[in-house]
Amino acid sequence: MTSPRYLSAARDAGRMADRPLLVTLQGGRVAIDEILLEIWRYAQERSLADVVAHFADFPADGVRAALACLAEGGLLTRQGTEAPERESKNQRAAWHGGGSEAISPKTGGERVSVVLVTHNSRAWLDICLPSLTAQTWRDIEVIIVDNGSRDDTIARLRATHPEIRVLEMPAPSSLAAAINAGVQAASGDFFLLLNPDVRLAPDALAELVSVARRNPDAAAVVPKLSFLYAPGFLNGLGNHVGRFGFGVDNALGHLDLGQFDHWRDLPSACFAAALIPRWAWQAVGPMDEEFPLYYEDSEWSYRARLLGWRIVGAPQAVVYHAYGGHAEAQPQAGLSAFKLERAAWGRYRFACKIPQAPWRFLWTYALDDVLRAGLALLRRQGDVLQAYRRVWTRLWRERKTLRAARREVQSRRRVTDAALFALQRHIPPPRVWRGMPELTWNSVLHEYLPLIKAGKTRSMPEFDSSPVHLLIVSHDVVGEKMAGPGMRYLEMARALQGDALQVTLAMPGEAALSDAGVPLAAYRGASDLRILLAESDVVLFSAYLLERYPFLAEGAPRRVVDLYDPLVLENLHYHLDEPLEAQQARNRQVVTQMNRLVQAGDFFLCGNERQRDFWLGVLAANGRVNPSTYAQDSTLRQLLDVVGIGIPARRPQHETPFLRGVHPAVPEDARIVLWGGGIWNWLDPLTLVRAWPQVLTRHPNARLVFMGTRHPNPQVPVHEMAHKTEALAEELGEKGRSIIFLEWVPYTQREALLVEADVGVTLHPVHVETRYSARTRVLDYLWARLPVVITEGDVTSEWVREYDLGCVVPESGVDAVAQALLDVLGQPKEAFAPAFTPLLERFTWKRVVQPLAQYCLHGAPAPDRVSGTKQYGSLLPTGTPSLVGQAALVWRTQGLRAMLRKGMRYLQWRLRY
């Protein structure tokens, strides 16, 4: 795909309260900020590459995301790309009132009755009715209920649409009463309730009916509402009512990138557009006509859910709505006293009828009203004070009828409040400013960019050709001297690195490794890691990193957790010599950390199939094995897969001698027995040293070499087992003679030692950690085609036995170890070489890392983060600045009043049910 060029699709509308505004081609206003205004202005007539290069001081992906968001919001037009346009030819025809000759009619035997209430709505009907005529669903009857219009709506309808049935309310009434009258007169199997200020996409009705058919327990099906005059932004997908503030449309003002298209179960339907099956209307009952305006749709929807029915979203059915009833998106100063009175009464009536514990809502509503009334008093807004007086008077006067209505509803309850209000807890707060959709650099960087890079949105041309960036965060050193974890992550990074997947390996301390083959980055603290995370699409971490840097759980859009090391099992043996109370404390700590790890990830790695069974149990115990992850993949391989230790495709290098003829105790003809890793507390080098005198009786030129006595990470203390091993060798008189202890062999030089060695040895007690381990150094033995002497009980010992790669010995068997070494040393190591070929092919690093590579390139956040157990997933910005920082930014850029207003909005959102 070619790089897009950009043309303006909007005009600069100047400023309001020193806030830049852009106007869409349809006439809608969008509030932006200074950075986006600068990017929008510069982008016109320029290519993507030009714009990114010009804003070199900004994160490149942030600029790409800003251009994508401006284009998707209808503020820029892309040229030179095959990206689909937002509106099809038929949608544009419907918008202009044109025909629909390209549409394929659809019908399935059910009739849809459109019930539309008008009040001085003639202008809106010129937009709405042609879009109904253009529907692909043909079996439609339209019933218009006029609720006291004073314009020529009725006369115009009868002259231009004689086929439409028009009902006149005998006197102006509530919206609910008018809808009830229309439904009572309807003959359809479904009722499509509409506001007049909407325009339907041609397939909207067919899609709504299709979703209703697939969900027979749905009391209402809800389309995606987009702003009529700013169609790139959401008016909402249903709505919800909370304990604080007024009811609000879900995702109001958010840029529509498809990130909400997975929503299905909704708290409530917005009756600006909603499809209701006839059976549902009969089961739930008509609308409550005591709602004069506002909350009547929410009360009906929550009442339906209270009875056990569902409200289901149909995001593929798109309806364009003139939010607030404006001819175009106009700035709003807030609710008028007229509307405020009706909204305040509506939420009190809702709270009295629907919740099991109405006081939880009533006291917060009362507090909110008192604060608003106090503010109105200070501003001398007498009409607002009178509105509140009338609401509170009515609430007291009708308390008995409210209690009766409550008893009737609660007597039919089938669902608890906890379930009734749970759906709305993960809905993001609105993004509107004075009634206009809002798009800012902060929202681009911390909300939309992570969604785009995580694959939660539609494909964006600005990112289609971009490689995926993987950040591997090692908890251990990566350098000339390193232990198993550092080796694992270095080789993993090398195997993954390519054009489509670019890998950065981060390690603590200095990056002291020449010719690593991948970019290395040192981190010394949280600030370094945060910078690296901001530039990554996927982050991989493990072990105790999450305890030290908890923000990793909210870092890159996708998180891979490496469970290769079963810490909780390893620690049982590691701290065995400590007092029981100390062991228990450490165990509680590591169990807590393990649980945090499995809660934090989207995709998990383990070392072998046996480990996978263990970690599946841990994931299940933490709720990560659930219907969502099972529906994604019944094998759960897309949740947890095996990425163990691999073997480099090349042979180990031996350019110059390392020990033979170089070390004074190692002659040229020495038979080298290699202990190829650290001397850790959970291993058993003592048995090897005790067996060594028997080996010397047959092979006096044998040399036992321990590759590392001290961990290359200076923060890791010397293990007690290392001291014990050296002491035993000293006691036997062989330390420095036939038993050689090296502090730690550099990573590149270890290859020469592997080539020079004749046997590789790894011994361990047989305990629970052994069963699940896969020793890094044993894979080194296999790479060098070294015959292996190993204790039974772990996975690698099974390979040795299965492929006849050496000898498997019992635990603590001194004589067995001595005999195994004598047997192996009794023949040249080349005799074992052919047996290694199958394993070498099976465990190449390129093959081992394939599950991880596939996830990085094609995977998505875990489904239980975007649906299922977490109904709406984690849609909040990742890596967002602190609340104090955000407040300071708003104060600095928009002023004190804006900061207070946004703070109140945030408080309302946090305190919703």
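Predicted model: local features only at pLDDT ≥ 70, side-chain atom pairs only at ≥ 80, totals over all residues.
**Exercise 1. Decide how far α29 is enclosed by the rest of the structure.**

*Solution.* First, take the cut-off: a residue is buried when its relative accessible area is under 20%. Second, go along the helix with that cut-off in hand. T776, R777, V778, L779, D780, Y781, L782 and W783 are buried. Third, draw the conclusion: because 8 of the 8 residues of α29 are buried, the helix is largely enclosed by the rest of the structure.

**Exercise 2. Describe the largest cavity: its volume, its lining and the elements that contribute to that lining.**

*Solution.* Step one is to survey the cavities. The structure holds 5 cavities of 30 Å³ or more, and the largest of them has about 100 Å³ of space. Step two is the lining, which is made of 14 residues; M487, G646, R750, D780 and W845 are the closest to the centre of this cavity. Step three is to trace the lining back to secondary structure. Two or more residues come from each of α18 (484–496) and α29 (776–783), and α29 gives the most, with 4 residues.

**Exercise 3. Identify the residues that touch the most other members of the largest nonpolar core, then follow the contacts of L496.**

*Solution.* Start from the core as a whole. It has 106 residues, and I472, M492 and L496 touch the most other members. Now pick L496 and set aside its neighbours within four places in sequence. The contacts that remain are L470, I472, L501, V503, V849, L852 and A853. To finish, look beyond this core: another one lies apart from it, with 62 residues, among them L307, W345, F350 and I354.

**Exercise 4. Check the spans of α3 and α5 against the expected values, and list the buried residues of each helix.**

*Solution.* Take α3 (residues 60–72) to begin with. Its 13 residues reach 18 Å from the first C-alpha to the last, close to the 18 Å expected at 1.5 Å a residue. The helix is mostly covered, with 11 of its 13 residues buried. These are D61, G62, V63, A65, A66, L67, A68, C69, L70, A71 and E72. The cover over them includes β1 (5–8), α1 (34–43), α2 (48–54), β5 (76–79), α16 (441–453) and α17 (461–464). After α3 comes G74, with a positive phi near 80°.

Then treat α5 (residues 122–133) in turn. This helix has 12 residues and reaches 17 Å from its first C-alpha to its last, close to the expected 16 Å. Its buried residues are W124, L125, I127, C128, L129, S131 and L132.

Notes. Residues numbered from 1 in each chain as written. Heavy atoms only, no water. 1 Å grid on protein atoms, 1.4 Å probe; cavity = no way out; pocket = protein on both sides within 12 Å on 5 of 7 lines; lining within 4 Å. Points joined across faces, edges and corners; volume = space filled by probe spheres on them. Buried < 20%, exposed > 50% of the residue type's maximum accessible area, 1.4 Å probe, protein only. Core = buried A, V, L, I, M, F, W, Y, C linked by side-chain atoms within 4.5 Å. Contact = heavy atoms within 4.5 Å. Expected span 1.5 Å × (residues − 1).
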